[in-house]
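Subject: The structure and some notes on it

Hi,

Here is the structure to open alongside this email. Have a look at it first, then read on.

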Amino acid sequence: MSEIDYAAALRAGDAVRGTTSPNPPVGCALFSPDGALIATGGTSPAGGAHAEINALRAAGDRARGATAVVTLEPCNHTGRTGPCSQALVDAHITRLVYLTKDPNPQAAGGADYLERHGVEVIYALQRVDALQPWLTSVARGRPSVTLKYAASLDGLTAAPDGTSKWITGEDARRHVHADRAVRDAIVVGTGTAIADNPSLTARRGDGTLMETQPRRVVVGTRAVPEGNLTRLGFEQYATPAAALEALWESGARDVLVEGGAGLAASFLREGLVDRVQAYVAPLLLGAGAGVVDTALAATLADAPRFALSRVTVLGGDVLIEMER
């Protein structure tokens, strides 16, 4: 299958990101023998149908003889729903192309099942961005954690007088809100909650709320006074580890840590940061508040290091994304 064929399945998975946890945001696309797109499907919210089932329902009888392109290996177990591998066989598809192996031993094995039942199976290894947080969460046994911050070229998040709005421009802020909408939770420290009185919502340019909203989580022991967070509702935990444990148990798999400097340092010191989003503005401050408020290492060799995964230009700013 060609790259454009994969794209239909990738888009279907992207479209449901932020709505499926604890299940992964999978996309499925069905193609006719001559390569025409028949139908697509994405994973429903937990307890609902998986991507393959939604695509098969949309295709109906047209699924017979089709090729299924799926961003994650079809599940081969019965949980809240039946095995997708069996559903694909029952629909008489002739070929399966999957882009990611299922790392969950309870659900894996769908590709082998399909092959045993006469379906041609192709493993076309490809990075699926929508699945990366979920894959990390499976490997770590806790939610995937992304540390996000906006800073000047010299790594400062606020000027000496404390001003920080707005370091980045409108394009970067729009990107932040779109990103919030696909996260399970946003985490801030009590210092940020008290000083900034944030709403931690995902909003459109006109200020209206997007359809999906993350959970709002505060880490720390200080009481949060009446404000946006208390009106909107939030959860509070004493430590990063306690917050991640509770979020994991309640189904969250993709968490965004937004600040402040003390909380960022805590997550980094404890080795809990899997990804970094650095929104970098084209200005120099020279002095002011930093991303973290304490040394993380005494020497370069001991410093936490991340690998560059993507650079995106957002108006006059640059988003640098890195992975552990």
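Below are my notes on the annotated sites and the aromatic rings.

Some housekeeping: this is a predicted model, so local features need pLDDT of at least 70 and side-chain atom pairs count only at pLDDT 80 or more, while totals for chains, interfaces and linings use all residues. Residues are numbered from 1 along each chain as its sequence is written, and side-chain values use heavy atoms, with hydrogens and water left out.

UniProt, in an unreviewed entry, lists Glu 52 under "active site"; UniProt positions are in the numbering used here, feature names are shortened, and annotations may be inferred rather than shown by experiment. Glu 52 sits in helix α2 (residues 51–59); helices (H or I, at least four residues) and strands (E, at least two) are DSSP runs, numbered from the N terminus. Glu 52 is buried because its relative accessibility is 2% (buried is under 20% relative accessible area, exposed over 50%, partly exposed in between, with a 1.4 Å probe and protein chains only). Beyond its neighbours within four places in sequence, its contacts (heavy atoms within 4.5 Å) include Cys 28, Cys 75 and Cys 84.

The unreviewed UniProt entry lists several residues here, among them Ala 150, Trp 166, Thr 192, Asp 196 and Ser 266. The listed residues span 117 residues in sequence and the farthest two C-alpha atoms are 28.5 Å apart, so they do not all gather at one spot.

Thr 192 is in helix α7 (residues 190–196) and counts as buried at 17% relative accessibility. Leaving aside neighbours within four places in sequence, Thr 192 touches Asn 197, Pro 198, Gly 259 and Gly 260. Ser 266 belongs to helix α10 (residues 261–269) and is buried, at 17% relative accessibility.

Now the rings. There is one aromatic pair in the structure (ring centres of Phe, Tyr or Trp, using its six-membered ring, within 6.5 Å; planes under 30 degrees apart are stacked, over 60 edge-to-face, the rest tilted). Tyr 98 and Tyr 123 are stacked, 5.0 Å centre to centre with 20° between the planes. The two are 25 residues apart, Tyr 98 in strand β4 (residues 95–98) and Tyr 123 in strand β5 (residues 120–123). Tyr 98 is buried at 6% relative accessible area, whereas Tyr 123 is partly exposed at 35%.

Finally, Arg 173 lies over the face of Trp 166, 4.4 Å from the ring centre (NZ of Lys or CZ of Arg within 6 Å of the ring centre and within 35 degrees of the ring normal).

Cheers
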